[in-house]
Amino acid sequence: MLFEDLKHQVTHLLKDNNKSVTDRLHMICKLLKDNIDHYDWVGFYFKNEDKEELKLRTYVGEKTDHVIIPFGKGICGQVAVSNENFVVPDVQAQGNYIACSLTVKSEIVIPLFKNGENIGQIDIDSESLDPFTEKDERFLEFVNQEVAKIL
């Protein structure tokens with residue numbers, strides 16, 4: 001299974017203490033986008049200091065203007081408030097969706113916890129309708145658990 005194969009690579013990349021945390025997060029984004037067909041944009045957002053907003057730290061994919069996202073706005077902003085995974089099979093059917101690109105059809109956002117606190121998230125856009133499964137959720141939860149260890 002592809003996800004199982006990628007788990008080892010994720011932990012290996014994150015252990016490279018010769019690279020900055022941001023560089024390691026960027027390598028994770030690249031690994032996921034390059035190896036999972038339906039991952040067309042992969043990025044990490046984190047809480048912006050003491051503000052009620054998220055700030056994009058690194059990503060791989062088409063350029064985005066959404067560097068800052070207020071809590072509650074869009075899928076990412078909702079996850080910052082709900083602390084729960086959010087899978088959107090069809091972004092056109094989602095009322096509080098922030099359009100990043102006309103080619104995006106679906107999105108998955110998984111919160112990232114450190115010491116029980118939601119400090120960020122991994123955000124993935126897909127140009128396919130409804131490609132995300134429970135396997136994607138479990139795998140991305142694993143990625144975030146591993147990322148939390150280096151923060």
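Is Phe-3 buried or exposed? Phe-3 counts as buried, because its relative accessibility is 8% (buried means under 20% relative accessible area, exposed over 50%, partly exposed in between, with a 1.4 Å probe and protein chains only).

## Ground rules

This is a predicted model, where local features need pLDDT of at least 70 and side-chain atom pairs count only at pLDDT 80 or more, while totals for chains, interfaces and linings use all residues. Residues are numbered from 1 along each chain as its sequence is written, and side-chain values use heavy atoms, with hydrogens and water left out.

## Aromatic pairs

There are 5 aromatic pairs in the structure (rings of Phe, Tyr and Trp, the last by its six-membered ring, pair if their centres lie within 6.5 Å; planes under 30 degrees apart count as stacked, over 60 as edge-to-face and the rest as tilted). One of them joins Phe-3 and Phe-139: the ring centres are 4.8 Å apart and the planes sit at 25°, so this pair is stacked. Phe-3 belongs to helix α1 (residues 2-14) and Phe-139 to helix α4 (residues 134-148), so the pair ties together parts 136 residues apart in sequence. Helices (H or I, at least four residues) and strands (E, at least two) are DSSP runs, numbered from the N terminus. Phe-139 counts as buried too, at 2% relative accessibility.

Trp-41 and Tyr-59 make another pair, with ring centres 5.2 Å apart and planes at 20°, so they are stacked as well. Here Trp-41 comes from strand β1 and Tyr-59 from strand β2, so the pair ties together parts 18 residues apart in sequence. Trp-41 is buried at 7% relative accessible area, whereas Tyr-59 is partly exposed at 25%.

## Helix α3 and its surroundings

Helix α3 (residues 74-82) has Gly-74, Ile-75, Cys-76, Gly-77, Val-79 and Ala-80 as its buried residues. Those residues pack against β1, β2, β3 (68-70), β4 (86-88), β5 (106-114) and β6. After α3 comes Asn-83, with a positive phi near 60°.

## A cavity

The structure holds 2 cavities of 30 Å³ or more. On a 1 Å grid over the protein atoms alone, a cavity is a set of points where a 1.4 Å probe fits but cannot get out, and lining residues have an atom within 4 Å of a point.

## Two polar side chains

Asn-48 sits in the loop between β1 (41-47) and β2 (53-60), and counts as buried at 9% relative accessibility. The Asn-48 side chain makes a polar contact with that of Glu-53 at 2.5 Å (a pair of N or O atoms within 3.5 Å; within protein, one must be able to donate a hydrogen and the other to accept it, and residues adjacent in sequence count only if both atoms are side-chain atoms).

Lys-114, in strand β5, is partly exposed at 24% relative accessible area. A polar atom of the Lys-114 side chain lies 2.7 Å from the backbone oxygen of Ala-148, and the side chain of Lys-114 also reaches the backbone oxygen of Leu-151, at 3.0 Å.

How values were computed: 1 Å grid on protein atoms, 1.4 Å probe; cavity = no way out; pocket = protein on both sides within 12 Å on 5 of 7 lines; lining within 4 Å. Points joined across faces, edges and corners; volume = space filled by probe spheres on them. Contact = heavy atoms within 4.5 Å.
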